[in-house]
Amino acid sequence: MDNLNSKTYEILSQTQRQRVSDGAIANIFDACPSASRKLILVLPQLGDFDSLEYIWWIQREIDRIKSEGIVIRAIGIGNRQSGQYFCKFTGFDENCLFIDPTGELHRQLNLYTGLTTKFPFLSAGQSAWVNLMLMCAGIGSQGTLKEVFRGYRGDRHAPQLIGDQETIKAAPLPPLKGSFFQWAGGSGFQRPFELATLRLRNMAEVLGNWQAYVPDASYMTQRGGTFLFDTDNHLIYEHRDRGILGFAANPSYPLSFLFTP
């Protein structure tokens, strides 16, 4: 294990944070079978687009992930209430989610902080809002605008995201059945507006429960990272987010790295 990989594993293996399920302070590797691969998701704010969308993909493939002998641990910025709301909405296992209120782990791993300009007469939270808006416009946020546009125009390299019989509630839109998107181009791939609708649903959930998801706005620009370890705890894959909606190296199928020989 080279020094960089060793340091990453050392930091994560010594990390203790509050577990959402019972509120206990525990090592994030607790109850990880030694024979399993470990997928560690260091998420940004739990109310962030990236956190909700990434875990949506995880839940979509959770049976396959388990069958491959991969255990998942996620650490996100927020508090226990944030984690409870997050897990209820996404279906993610509360036993596998830990809380880092101030993004300390993110800094230890040298993950991208996003824009951190301090503006005169604004509080830390208000400055974070301005910086976040700039990042949403693509400033200091690599690939964000391209990814936003992909959500609207569709992606023939990505799978269909909403089943034909599935109903999506994304206020202020009326409830939409998955079959509706066939009118935008067919089926069997990510249709125009399909991903944008899922993102609108996520946004409506967070804005409707803002104080729960974002108890401290100061850390909204902090980005996350993905780390996959083999059974010998060697780091075999990592991805460090460089902008909003940049949580995956392959946006069309964010979990491809798990299933590629």
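**Figure 1. The largest pocket and the residues that line it.** In this predicted model, the largest pocket is lined by 27 residues. Phe49, Cys136, Arg199, Met203 and Ile244 lie nearest its centre. A pocket is found on a 1 Å grid over the protein atoms alone, as an open set of points with protein on both sides within 12 Å along at least five of seven lines, and lining residues have an atom within 4 Å of a point. The space in the largest pocket is about 640 Å³; a volume is the space filled by probe spheres set on the points, with grid points joined across faces, edges and corners. At least two lining residues come from each of helix 2 (49-60), helix 6 (124-136), helix 7 (144-153) and helix 8 (194-208). Helices (H or I, at least four residues) and strands (E, at least two) are DSSP runs, numbered from the N terminus. Helix 8 contributes the most to this lining, with eight residues. By class, the lining of the largest pocket holds 20 nonpolar, five polar and two charged residues. Here Ala, Val, Leu, Ile, Met, Phe, Trp, Tyr, Cys and Pro count as nonpolar, Asp, Glu, Lys and Arg as charged, and the others, Gly among them, as polar.

**Figure 2. The largest cavity, with lining residues from helix 2 and helix 8.** A cavity is a set of grid points where a 1.4 Å probe fits but cannot get out. The count comes to three cavities of 30 Å³ or more, and the largest cavity has a volume of about 40 Å³. Its lining is made of Leu52, Glu53, Trp56, Leu195, Leu198, Arg199, Arg201 and Asn202. Helix 8 gives the most to this lining, with five residues. Four residues of the lining are nonpolar, one is polar and three are charged. Arg199 lines this cavity and is also among the residues nearest the centre of the largest pocket.

**Figure 3. The second largest cavity and Leu245 in its lining.** The volume of the second largest cavity is about 40 Å³. Glu53, Trp57, Glu147, Arg150, Leu245, Phe247, Ala248, Pro251 and Pro254 form the lining, and helix 2 and helix 7 each supply at least two of the lining residues. The lining has six nonpolar, no polar and three charged residues. Leu245 is found in the loop between strand 9 (235-240) and helix 10 (256-259). Leu245 has a positive phi near 65 degrees, in a residue other than glycine. Leu245 is buried, with a relative accessible area of 10%. Buried means under 20% relative accessible area, exposed over 50% and partly exposed in between (1.4 Å probe, protein chains only).

**Figure 4. Phe121, a residue with a positive phi.** Most residues other than glycine have a negative phi, and most peptide bonds are trans. Phe121 is not a glycine, yet its phi is positive, at about 70 degrees. The residue lies in the loop between helix 5 (104-108) and helix 6. Phe121 is exposed, with a relative accessible area of 86%.

**Figure 5. The cis peptide bond between Ala171 and Pro172.** Omega of this bond is about 10 degrees. Pro172 is placed in the loop between strand 6 (167-168) and strand 7 (176-177).

Figure 6. Phe189 is found in the loop between strand 7 and helix 8. Phe189 is buried, with a relative accessible area of 9%. Apart from neighbours within four places in sequence, Phe189 is in contact (heavy atoms within 4.5 Å) with Asp155, Arg156, Ala158, Pro159, Gln160 and Glu194. Val148 is 41 residues from Phe189 along the chain, and the C-alpha atoms of the two are separated by 17 Å.

**Figure 7. The protein chain behind the close-up views.** The secondary structure comes to 10 helices and nine strands. The radius of gyration of the protein chain is 18 Å, close to the 18 Å that the globule rule gives for 261 residues, so the chain is as compact as a globular protein of that length. This radius is taken over C-alpha atoms, and the globule rule is 2.2 Å times the number of residues to the power 0.38. Of the 261 residues, 52% count as buried.

**Notes to all figures.** Residues are numbered from 1 along each chain as its sequence is written, and side-chain values use heavy atoms, with hydrogens and water left out. In this predicted model, local features need pLDDT of at least 70 and side-chain atom pairs count only at pLDDT 80 or more, whereas totals for chains, interfaces and linings use all residues.
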